[in-house]
Amino acid sequence: MTARSTRRTTAARSRLAAVGSIAVAGALILTGCGDQTNDGGSEGTKETGKSSTAPLFDKLPKKIQDAGVIKAGTNAEYAPMEFQEGGKIVGVDPDIAAALGKQLGVEFQFTSGSFDGLITALNSGRYDVAMSSITDTKARQEGLDDKGKKLGPGVDFVDYFVAGTAVYVQKGNPKKINSIEDLCGQTAAVQRGTTYEKALQTQSKACTDGGKKKINIESFENDTEAQTRVKSGGAVAGVNDYPVAVDLARKAGGGNDFEVVGEQVAAEPFGIAVNKDNKELTAALEEAVNAIIEDGTYKKILEKWGAETGAIDKAAINGGK
């Protein structure tokens, strides 16, 4: 998510790592992520090699045809989009990748690491793609930080989903928070390096510009820590991508820990990130996304995970703004 030009009337969450954070954390993932990575493969087709009869196999770069796999970086801490279960990486993104693999005649192999280092690791050659609910933005496409400073070459995106920012609170909403605007003067928890962290920063400025107190933003390395802070009452609310917040409210504590308040805002597309020099792979992925949309597989995957609100009608390349 353009992945964001879909049938949605409400806006949606986007898990973009802030570009500045990507540059810093990218170095970390390349030098010290051995104890934080976990490999997992999707259930893509095993039919690989030059004799593959998959409809889009011939569209792939020869290097990937020969390898029979697409190496995908992710941050598997984000149910229902990508998370670990029984030692495997599962969720919306791995299932979509498996469906794409059947169209392409290769298998997606996922490795989980730090979210804010995915794009740097991709451009270093560690991965062929990064697929982790990454919001497609112009800044990411161009390799810019939030002040417009050039940090890297950027990436291309194949948009496949759309989501926006959502606010979640303790069950029962004890502080009567009804929207992100109600967080002025309050403490909010969020995962570091995400677009919803940026959304909180933007709202905090709006608070002070309007004569109200700023938001006390507590940023954590992973989303689980932010959730724990809200559950304990240390933060009155958390901010997350809409499908993730909804899944959290449904499942955490048997549905008794959290609830989502207000509507999702700032809908943006999620995209599969690809190195800008790999145009052949980008084009093949776009065709594959459209193929699974057209044959109904895409819809079934989203329904399986309760993520129908993020559906798009057609893939796009670099549809983010």
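Residues are numbered from 1 along each chain as its sequence is written, and side-chain values use heavy atoms, with hydrogens and water left out. Because the model is predicted, local features need pLDDT of at least 70 and side-chain atom pairs count only at pLDDT 80 or more, whereas totals for chains, interfaces and linings use all residues.

The largest nonpolar core has 64 residues. Such a core is a set of buried Ala, Val, Leu, Ile, Met, Phe, Trp, Tyr and Cys residues joined through side-chain atoms within 4.5 Å; buried means under 20% relative accessible area, with a 1.4 Å probe and protein chains only. Ile96, Leu104, Phe108, Leu183 and Leu285 have the most contacts inside this core. Leaving aside residues up to four places away in sequence, Leu285 touches Leu100, Leu104, Phe108, Val129, Val158, Ile272 and Val274, where contact means heavy atoms within 4.5 Å. In soluble globular proteins, nonpolar side chains tend to be buried together.

A search of the whole structure finds 1 disulfide (a pair of cysteine sulfur atoms within 2.5 Å). Its partners are Cys184 and Cys207, with their sulfur atoms 1.9 Å apart. This pair links distant parts of the chain, 23 residues apart: Cys184 belongs to the loop between β8 (155-170) and β9 (187-191), and Cys207 to helix α6 (residues 195-209). Helices (H or I, at least four residues) and strands (E, at least two) are DSSP runs, numbered from the N terminus. The link is left-handed, with -80° about the S-S bond. Cys184 counts as buried because its relative accessibility is 17%, and Cys207 is buried at 1%.

Elsewhere, 3 strands form an open antiparallel sheet in the order β3-β4-β5. Strands pair if DSSP finds at least two bridges between them. The edge strands, β3 (77-78) and β5 (88-90), each pair on one side only. Between β3 and β4 (residues 82-85) there are 2 bridges, and Glu77 stands opposite Phe83 in β4.

In helix α7 (residues 223-232), the residues Asp223, Ala226, Gln227 and Val230 are buried. They lie on the same side of α7 because they cover an arc of only 100° around the axis, taken from the directions from the helix axis to the C-beta atoms. Asn222 caps the N-terminal end of α7, a side-chain oxygen lying 3.1 Å from the backbone nitrogen of Thr224. After α7 comes Gly233, whose phi is positive, near 90°.

Technical notes:
Buried means under 20% relative accessible area, exposed over 50%, partly exposed in between (1.4 Å probe, protein chains only). A polar contact is a pair of N or O atoms within 3.5 Å; within protein, one must be able to donate a hydrogen and the other to accept it, and residues adjacent in sequence count only if both atoms are side-chain atoms.
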